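User: I would like a close look at a single part of this model, with the cut-offs spelled out.

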Amino acid sequence: MFTVKPDFYDEFKCIADKCTDSCCIGWEIDVDENALEKYNGLQSPLGDEIRSEIIKSEDGSHCFKLSEKDRCPFLDGTNLCRLITDRGDCDLLCDICREHPRFYEWFVGVTECGLGLCCEEVCRILLENEDPFSIIEESDGEEIVLETKEEIAESDFYIFLSAFREKLFEILFSKDMSFEEKLVKVLSKTEEFCGEKVKIRNYKNSLEVYKKTEPIDEKWTLFINDLSENYESVLKVEKEFQEKTKGDMLYSKILAYIIYRHFIKAVFDKSIKERICFAAESVRFIYLCDMKTYFEEGELTLNDRVENLKNWSKQVEYSEENTDLLIYGD
């Protein structure tokens with residue numbers, strides 16, 4: 001069995017109360033069956049409190065009942081989890097709390113791992129320097145036995161797509177091209193790979209689709225509407241923005257990481273062209289958000305880049321409905 005992950009995967013550590021955001025606010029926090037069994041067997045005042053805060057979702061699964069301002073009921077005044085601080089370990093955490101922002105995708109004989117860009121610390125790790133990241137493959141020594149034609153076909157297709165993904169990374173991590181040149185080449189290579197025309201939406205059409213996404217909060221709706229109305233004015237500073245902020249390799253890394261997370265899922269539905277277009281349009285949207293910040297503030301800091309990337313990820317990558325809309329269309 002193999003595990004695939006970016007080289008900075010093991011570097012990540014939650015910064016807890018130092019985070020300006022919180023993954024324990026504004027999200028439905030699912031309680032998995034193993035955690036529920038553990039909570040039901042906990043005979044203590046804390047166990048009673050935990051059970052009193054669990055409700056059923058509309059789909060019949062269990063989750064924590066969010067308190068005022070959509071906070072997890074076990075989040076204290078300093079934004080630390082009482083299930084950890086009261087016990088001194090993570091034993092009582094449900095799966096989503098223990099694993100977030102890690103993500104996994106399972107294929108025949110391979111598990112791909114990563115860190116979600118909804119987390120500002122992950123964004124900071126990705127953007128704090130221009131060094132390209134690499135993909136690491138590790139084996140646990142267990143022999144992979146493919147028993148059916150379907151497993152063989154999936155394994156072969158995974159190898160086929162991951163090899164193409166590596167070629168795209170080689171383009172994106174080249175130091176001999178601008179980001180725009182790399183983007184054109186990535187789309188051209190995808191055309192060759194698919195044997196059909198590949199075309200991405202322009203800014204106007206892309207923003208129209210983003211306006212249709214289900215908003216994570218009212219702030220996002222206001223942001224998208226403002227950007228849609230004023231993007232032409234924002235684009236007027238593009239040349240100055242490129243000269244002053246010099247983010248070519250950073251956008252290359254963002255595009256590579258979006259491709260890493262989303263492209264390989266084409267193993268299941270063969271949506272090769274659609275997923276590359278999604279990645280390309282996503283990084284252009286993030287680029288436009290950064291340019292909007294520069295247009296309004298006269299500068300673009302690392303914290304600004306982190307905030308824009310994080311907000312895109314929270315809105316898009318953590319809503320299956322929104323991701324599907326941007327990949328497959330209406």
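How many bridges join strand S5 to S6, and do they run parallel or antiparallel?

Analyst: This is a predicted model, in which local features need pLDDT of at least 70, side-chain atom pairs count only at pLDDT 80 or more, and totals for chains, interfaces and linings use all residues. Residues are numbered from 1 along each chain as its sequence is written, and side-chain values use heavy atoms, with hydrogens and water left out.

Strand S5 (residues 102-107) is joined to S6 by six bridges, and the two run antiparallel; strands here are DSSP runs of E with at least two residues, numbered from the N terminus, and two strands pair if DSSP finds at least two bridges between them. Strands of a sheet pair through backbone hydrogen bonds, either parallel or antiparallel. S5 and S6 form a hairpin with two residues between them, and in the turn Gly-109 has a positive phi of about 80°. Within this pairing, Glu-105 has Glu-112 in S6 as its bridge partner.

Strand S6 covers residues 110-115 and includes Thr-111, which counts as buried because its relative accessibility is 15% (buried means under 20% relative accessible area, exposed over 50%, partly exposed in between, with a 1.4 Å probe and protein chains only). Leaving aside residues up to four places away in sequence, Thr-111 touches Tyr-104, Glu-105 and Trp-106, and also Phe-2, Thr-3 and Val-4, where contact means heavy atoms within 4.5 Å.

Key. Helices (H or I, at least four residues) and strands (E, at least two) are DSSP runs, numbered from the N terminus.
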